[in-house]
Structure formats: C-alpha cells, structure tokens
Amino acid sequence: MKKLMRAAAAFFAAAAMAASGAAPYFSRTDMTAKAVDTNNDDWLHVKGSRIYDMNGNEVWLTGANWFGFNCTECSPHYLWSGDIDDLMREIADHGVNVLRLPVSTELLYNWMIGDPDPIKSIKPNKDPSYPFNVDLIKDDGSVVNSMELFDVLLAKCKKYGVKAFIDIHSPESNNSGHNYGLWYGKDFMGRDGKNVAVTTDLWIETLAWCADHYKNDDTLIGFDLKNEPHSKYGGAPVDAIWDDSDDPNNWKKAAQDCADAILEKNPNALIIIEGVEGFEGHGAWWGGNLRGVEKYPVMPKSGTGQIVYSPHDYGPIVSDQHWFHKDFTEATLLDDYWRDTWAYLVEKDMYPLLIGEWGGRLDNGDNEKWLGLLRDYMIKNHINHTFWCLNDDSGDTGGLWKDVIFGTTQGSDGTIVGKTTVNWDQKKYETYYYPAIWKTKNSKKFIGLDHQVALGQNGISLNDFYTNYSSSEGSNLDGGKTSSGQPVDPDQPGPTTSVTTTTTTTTTTSSATTTTTTTATSTSTSTSTSSATSSSTTTTIVSNRVYGDANCDSGVDMADAVLIMQFISNPNRFGLNGTDEHHMTQKGLDNSDVDGKNNGVTNSDAVSIQKYLLGAVEGLPEK
C-alpha cells in the first residue's frame, strides 16, 4: 500500500518527576500499562550516528511496522483474528524489539479532546467456551475504545520487553491516506459532527499532547512526525519541500517546530524525521530524500541529541528504478542512490538513521537481491530499521505474517484457553529479517531495549546483554566485536519530564568572566497547555573554568551530570584514560567538583548540577 517515485537522555532525581497530564477516564487499562517496569529508565538519546541508553550503552533498534490505527478500523489489523496477548508474544518471541505504529492526526485529535474513536472489526468475547481478546473487554462488559486499546497494546509491549513509537501516517483516518503528501490540508468529520481542518498547528498540538500524555511511560520511546512527505501526487495542493524558508509546505521548518513542541513536553523522546521526495532537482522515494539535511539540518532549541532521520527504501517490485537496470551491487546502489540520498549521514557520523520501511514480496530475483543487499548494509553500518510490515494486507509488499487464526485448546486443568496460530512467511523472516535483528553473536539471544524485561522467550534484557554478553561474545554488530557496558541500576530512577533550556550571556574582564544564565523550566499540567517559570542565576567562572561543565562543551546541562556518574561507576571506560570517546578529561574533572565540599568528584557533584538546573541552587559551586 506504499510507494511511487517520480523523477542524552537526561537523568534527574525521582522527586522532580512530573505527573501525567492526562484525564484518567479509563483506569483498568492504565493500571495494566504501568504494572511492569515503572523505572522510566529506558529513554534513549543520540550522539553522532549512534543511539544510546542513559548510561551510554549503544542500542540497535530492529523492529517492524504494525499498521491499522491509521485506518478507519482505528486498531491494528489482524486483531479481528488474533488475540492481542498471543500476537504480542509472537512479536517478541521473533525478536522484534520495537514497533512502528502508524496513526492519524484525526485519531490523536479525538484522543486529545477526550472522545476516542470506537474500534471496528474486532469482536472480543468473554464466553468461557471461546475466550477471544478478553483484554479488550472492560470490567463493565463494554469494549475498549481506540485509546484504551492503545494502552492495552503498550501494556503488552511492556510485558514482553518490546518498545514502540508512533508514526503520523496521514492527516485523517484513511486506509489509503499515505498517498497524500502533506501533514496538513485535509479535513475530517469530528466526533461532535463538526468539520475539523488539519492545520500545521493542529498537527503539532496533537503530537505535543501525546508526548505529554505518555511522558512517564518509556514504552513509547518516540515520534515519527510524518510518513513520507512527498509531491502533489495523491492530492496535495503543493509538493513538500526542504529548505530554509518559512513557506507552509517547508517540511524542514514544520518538523523543527514540531520537534520543539514535543521536546518541551518530553525532552527524552526520540524525534524521527523522514525526508521529502525531491530536493534541488534530485528525486527519491516518497519521504526518502535526506539530501537537504547537510545543508538545512533540523535544529531544535534543545539541540539535536534526540534527532533520528528516517528514509524509506524499496526494491523493484514496489516501483522499478533506473539503479536496478544493471547487475546492481551494494557499491552501485550507494553510487546511484543510497549515499547522496541518505547513507552519507551515517558514513560521515552525522546523525543516526532508522530505515522506517523496507520489505517487499519475494520473487526469487531482483527484489530479493535488493533485500539482501540493504539488510547487509544496515548490519554493517549500525542502521536502525523497522520492516514493512507484520500484517499481510499491505497490497504491494505483503507482510511477515501469512495468516492469523484463532482457536481454543484445553488447559491442563480442563479449562478452555484461547490460542492464536500465526503462520509466518518463513523464507522472508529467516532469510531477510532474522539476520538483521539485534542478537548475541553465538547464543543468538534477541536483545531488547528494556533494561529489566527480557525480549520474549528467547531474548534478554538490555542490562542482561551488557552484564553477561557484550564483553564475552558481543552481538551481530561489528562482526561480534566485544565491548564493555554499564548496566542501569534497577533501583535508580529514570529521567523526569521537566524541561530546562538555558541561555547564556558572557562578559569578560581582565580578572574574571561572569556568565549570567537564565533557566526556564516547563512542567506539564493536566491540560494540553504548560506553564513556565523563570529564574535568573549567576555563576562566576575563574581562569576560564565553567563550573559543572564536565564534558567541556562550554555549557552546563544534564549530559554533565551523566558523565560524572559514568566516570565514577565505570572509570575504565569513562575515566581520565578511558576508552570511550566522551571520557572525562582533566579539565572536565576540574570543572566537576561543584558540591561545595572540596572532597573530589563524587555523585554529590552530579546531584548539585541537577539541583542547579532545577533552580534549587543559585549557582555553582553550591554554597
């Protein structure tokens, strides 16, 4: 159903955690979603072309798409013939560590106004003789709505060690909505019977609301802002463009404004940005053209530490292209298309890539040849990816599932138990998808992104990998190269959702430099708006020393607190002679003793930096 081509995470004290800004109009599923692993410590951040956890351990997102929330059914497809618990178990047991979940702006809008769409084509049943999708039936016997279903799905993800991010697939709920190339300009009929126009402002508002609502659940790790911005093909009035203008169809500006709004609500979320179709005369797959990033990068106010770029790539069965009209190889694909369009971002270590869609039908020919070449290139270059797709009802690609059938079996105690049978496309899975799933090199254990919960039956947690496998056998990245890692303490709270932005003005005299820092802290409220308070503090810097600047980037932020904790907990990696490229230097060490105790660098100094950023102390060193 897809294509046509035409020419650092912060770490704060638990006391600072903000409450969720959502109205609790469904309690059972909300409780379930938070029943396992509530540490909120699985947020990710980026440096260069890699993605890391809060302790600086590299992670690899290797997932799949499961569409349906974007469609008129307002639910993932195949829930009409498969139990949600069984399907999520199958997904985890097959090594999918992250789900890309297409949604629509219309769906989020109705959630935001408190009137979620009902789900269609799913008929849960509590009959003991045929118990089907009983998790989708509320205590009063009614069926969950679309938002409640989403929360049940997140709870199942959490249960089985899977992470998720949403993708705005279309402005309105529409099974063919991907054909429309813009994030604005469509209308839909609101639940109140009134016409609602999707504007850029509304698109941003719904995503910011969603980020606020789920900011304390690290199961939902990010937001893919818009699926495949492209040309007028499909009904858009103008092409999506990428430049430095203020034009309403400038995708780069819209993405930057949207990223700012999301990160204001949740500074820990990954912001996933696709390309456009055309840039300065060069064509690409819909959403696949990232040539403009080098010239006009998306630059949120808080920096690029959460930005991931996401092209889509397909083979000749979806739409034949000139680079397939030869005995193509990895080298020719790079020269003819990949490198200048998106691969340069990783080859130059600029930004991480996540191939948001790749896949296709098997033909014993060029399409399979392309699948294998892209698979191998992603493995060699640490490129994150989500395969299109799980469900088989994608017209031009098919899926990893061939069929989903629900039945019953008798339990050991004689009770009737529901059972879903999923028939996987074994060749597609085993030959093209399985090799590109993150797993340990020798024992072949799937590696999840949750620090405590193992990924399915044959998987391990992120902590388990960095405790027991990374230094012995490694993974299928770098040919099994081993590395050390720092597990996350399960009793240590994760980062909060408070947002701190800092503006610094420096005045230099012959004896000292004085820096005045204004810190604005925004915390979420129970509505879709936020309140901000500002305080002004003064820090004196003597002999060019910036107190608190552990990483020597001339500013003080949460990355400095994180580096201090890493330096203390893993000196071999982050010490003065550490192996990590971001290890502590002597200058950074001199900057780091800020708790006022003059007893060397300890965790107390990291706490002082946090207190300073929260406005609890007026300056550094702490008095």
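This dialogue goes through several features of a predicted model.

User: What should I keep in mind about numbering and confidence before reading this model?

Analyst: Residues are numbered from 1 along each chain as its sequence is written, and side-chain values use heavy atoms, with hydrogens and water left out. Because this is a predicted model, local features need pLDDT of at least 70 and side-chain atom pairs count only at pLDDT 80 or more, whereas totals for chains, interfaces and linings use all residues.

User: Is A208 buried or exposed?

Analyst: Buried means under 20% relative accessible area and exposed over 50%, with partly exposed in between (1.4 Å probe, protein chains only). A208 has 8% relative accessibility and therefore counts as buried. A208 is found in helix α5 (residues 200-213), where helices are DSSP runs of H or I with at least four residues and strands are runs of E with at least two, numbered from the N terminus.

User: Which residues does A208 touch, not counting those up to four places away in sequence?

Analyst: Contact means heavy atoms within 4.5 Å, and on that basis A208 touches A261, I262 and K265.

User: How many aromatic pairs does a search of the whole structure find?

Analyst: Rings of Phe, Tyr and Trp (its six-membered ring) pair if their centres lie within 6.5 Å; planes under 30 degrees apart count as stacked, over 60 as edge-to-face and the rest as tilted. The search finds 34 aromatic pairs. Among them, Y109 and F188 are edge-to-face, at 5.6 Å centre to centre with 65° between the planes. Y109 lies in helix α3 (residues 105-112) and F188 in strand β7 (residues 187-189), so the pair ties together parts that are 79 residues apart in sequence. Both Y109 and F188 are buried. In another pair, the ring centres of W338 and Y377 are 5.5 Å apart and the planes are at 40°, so this pair is tilted.

User: In what order do the strands of the open sheet run?

Analyst: Two strands pair if DSSP finds at least two bridges between them. Here 8 strands form an open sheet with parallel pairing, in the order β13-β10-β9-β6-β5-β4-β15-β14. β13 (307-309) and β14 (354-355) stand at the edges with a single partner strand each, so one side of each is left without a neighbour in the sheet. Within the sheet, strand β9 (residues 220-224) and strand β10 (residues 270-273) pair in the parallel sense over 3 bridges, and D224 has I272 in β10 as its bridge partner.
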